[in-house]
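Q: I'd like a close look at one part of this model. Could you walk me through it, starting with the chain around it?

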Amino acid sequence: MDTCIKKIRELAADLLERGEVERVIGFAKGTIPMATSPIAVGSKQEIEKLVFNSTCGLNLANYARKQKGKIAIIAKGCDSRNLVTHIVENQIQREQIVIIGVPCSGMVDKFKIAALFKDEITGFEEADDTLTVSSLSLTQTLKKQDYLRENCSLCTHKNPVLYDVLAADLMEEQVLENPFPDVDRIEALDPDDKWQHFSDLTKNCIRCYACRNACPICYCPTCFVDEAGPQWVGKGQNKTDVDTFHFLRAFHCAGRCTDCGACVEACPMGINVRDFTRKLNKDALEFFGWEAGLDISKRPPLDSFSPEDPNDFIK
Amino acid sequence: MKFITIDKKDWAKGIDKSRKTYQLFGPVKDKNGCKIKALDADVVPDMDYHESVMSAKSVLFPQTETILTTSLNEAVDDHHIMKRAENTYTPRAVLGIRPYDAKAILLVKMNFDTDDYRDPYWCDAYEATTLVGLGITKPGPFDFSTSVDCGPFCEEGLDILLADLDDKFLAKVLTPKGEAYAVACGFETTADDKESQALFDILRKEAEKNISASIETDKLSEKVLLDLHEAPFWDDVAFSCINCGTCTYVCPTCWCFDIQDEAKQKESSRFRNWDTCMSPLFTRHATGHNPRGVKVQRVRQRFMHKLKYFLDKYDQGIMCVGCGRCVKSCPVNIDIRKVAHTMNTFEKKD
């Protein structure tokens with residue numbers, strides 16, 4: 001992955017130089033270890049600011065909305081699927097963007113890595129598949145494969161599904177016998193334990209809405225929790241209100257979520273927000289044979305009707 | 001002021017004794033990291049924690065706090081008349097609070113306790129609270145507290161400052177509140193003043209030496225407010241921002257709140273919640289007009305408030321204690337140190 005940054009910069013410089021795009025949206029180096037920051041570069045001098053590594057865990061698709069003029073955007077597999085979703089949902093026009101596709105070997109789980117250390121992480125380097133992570137008291141060499149985010153380890157679309165240029169060779173996609181082992185684990189719980197699981201999940205939520213705001217498909221001009229006249233949901237730390245936010249948000253993502261993991265990446269409290277959306281992704285696949293963001297010519301299943309839609313619920 | 005030695009073997013027993021008269025708060029670890037919260041009767045605070053995502057501000061300023069209540073039942077005499085909620089303000093003690101979090105409480109106090117107005121909820125809680133701080137011997141990489149008149153052994157706002165000496169704590173008792181708490185714990189082995197102070201000085205200097213992060217603010221007071229407000233760099237600062245409330249909620253000095261009314265059957269309550277200037281709803285008027293309707297205005301507001309308005313209004317430094325929580329928790333790594341540098345070095349072009 002570290003070699004593709006050279007290619008990304010070349011492609012970005014070329015697009016800017018030829019005047020094909022006004023800005024290139026990508027990731028910049030963070031000010032602290034294991035952090036990157038979305039950036040828009042508009043000149044050749046700024047190209048060096050672009051980076052790409054295993055900590056580019058946010059999804060850039062929402063940054064492509066409401067941009068003036070034509071832009072280029074760096075897209076991992078998941079970002080590209082969300083660009084497809086944006087095109088299908090009329091949030092961006094296909095001709096408005098140049099997609100620099102980046103086949104992605106996965107992003108690292110920052111919480112899992114931080115848990116290996118007693119003190120705070122001061123250094124993070126990666127070379128090929130090896131991560132060297134250090135704190136003031138300890139340095140550890142880790143295999144990237146063992147510290148991938150869960151959504152990345154279960155990813156079957158590492159390659160961008162829609163792109164104009166590629167920054168690296170396409171990768172072999174993994175074929176999973178069971179793409180939803182995490183959902184199976186929760187489904188196997190009895191109802192009380194299941195309720196407890198979701199109840200515990202939101203226990204530390206501070207309602208900062210980082211999950212929602214990092215989510216590429218959460219672009220409603222006014223989110224239901226922000227409706228004020230009249231107000232739809234209580235705004236305090238009352239458990240019912242906190243849970244209502246998470247449950248309803250998840251259902252609004254049904255059949256649209258690409259499991260990009262941006263919600264988990266953004267949550268400051270380490271909540272595995274994906275636990276809310278995964279079952280819906282599984283249902284979308286089982287009932288409609290649907291994975292979001294693979295085809296710009298198809299509307300999402302809950303957005304369209306077909307006589308073939310499952311109707312077993314009608315007795 | 002005096003010094004007390006506390007053998008770590010006696011620590012749990014002592015604080016247990018204090019539970020008779022104090023409600024205890026302190027750092028507790030769970031699988032999602034460490035939080036400063038009310039301690040259950042059998043829980044001992046985790047004094048070895050190295051960071052907590054959330055600060056201790058919630059002890060005095062809970063994220064949701066009922067302030068007034070009333071009955072909507074017209075058969076009741078004083079129905080529909082709001083009365084202060086029956087919150088208890090019996091003594092409480094926060095154990096192991098970080099010195100920067102204690103200093104932050106003093107900054108928050110400037111807002112809640114003024115000559116013109118005294119916020120009764122916050123002030124009553126403040127008066128009931130004893131802050132037992134723990135000096136930071138190994139500051140983390142995000143700590144820039146020394147560059148904002150704070151530091152790993154800063155005593156401002158604390159009632160007791162503890163220094164961890166492996167098998168014991170050396171306690172510097174700073175206020176009568178602190179003295180009362182030490183008595184409630186039965187901690188009474190006094191230590192030599194001169195020697196203890198010398199030891200604190202050494203520990204402080206050692207810890208301060210290990211802080212490499214800093215924030216640059218020396219020229220901010222000279223800058224013309226409107227020049228900074230109109231500066232061209234805000235679009236770049238705000239580009240990556242996703243407008244969540246993380247920075248404001250993890251910040252120990254962010255004090256903004258929103259008031260809400262809710263009714264359940266015949267009981268109504270008015271409560272306040274933390275609010276965040278990052279949210280469009282924060283400033284939306286009843287007319288629908290929003291003076292900070294776009295993201296860049298909100299991002300600018302947060303940094304201007306912390307680094308310029310507060311400085312100009314109170315002339316007591318910036319509204320930041322250098323804990324580094326916002327730097328670490330921001331999902332898109334917007335770094336207040338970088339923004340401060342940009343503001344501090346900004347020169348208006350004529």
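Among contacts in chain A between residues at least 6 apart in sequence, what percentage join residues at least 24 apart?

A: That figure is 67% in chain A, for contacts between residues at least 6 apart in sequence (C-beta atoms, placed from the backbone, within 7 Å). Before going further: this is a predicted model, with local features needing pLDDT of at least 70 and side-chain atom pairs pLDDT 80 or more, while totals for chains, interfaces and linings use all residues. Residues are numbered from 1 along each chain as its sequence is written, with chains lettered from A and ligands numbered from 1 in the order written.

Chain A comes to 10 helices and 9 strands (DSSP runs of at least four residues, H or I, and at least two, E, numbered from the N terminus). Its C-alpha trace spans about 60 × 50 × 45 Å along the principal axes.

Now zoom in on helix 8 (residues 239–252) and helix 10 (residues 274–288) of chain A, which pack at about 30° with axes 9 Å apart. At that angle, helix 8 of chain A is roughly parallel to helix 10 of chain A (under 35 degrees). Who touches whom? From helix 8 of chain A come His246(A), Phe247(A) and Ala250(A), and they meet Phe276(A), Thr277(A) and Leu280(A) of helix 10 of chain A. Sorted by class, this contact between helix 8 and helix 10 of chain A has 4 nonpolar residues, 2 polar ones and no charged ones.

Key
Axes fitted to C-alpha atoms, helices over the stretch in contact; angles between N-to-C directions. Parallel < 35°, antiparallel > 145°, perpendicular 65-115°, else oblique. Contact = placed C-beta atoms within 7 Å. Nonpolar A, V, L, I, M, F, W, Y, C, P; charged D, E, K, R; others polar.
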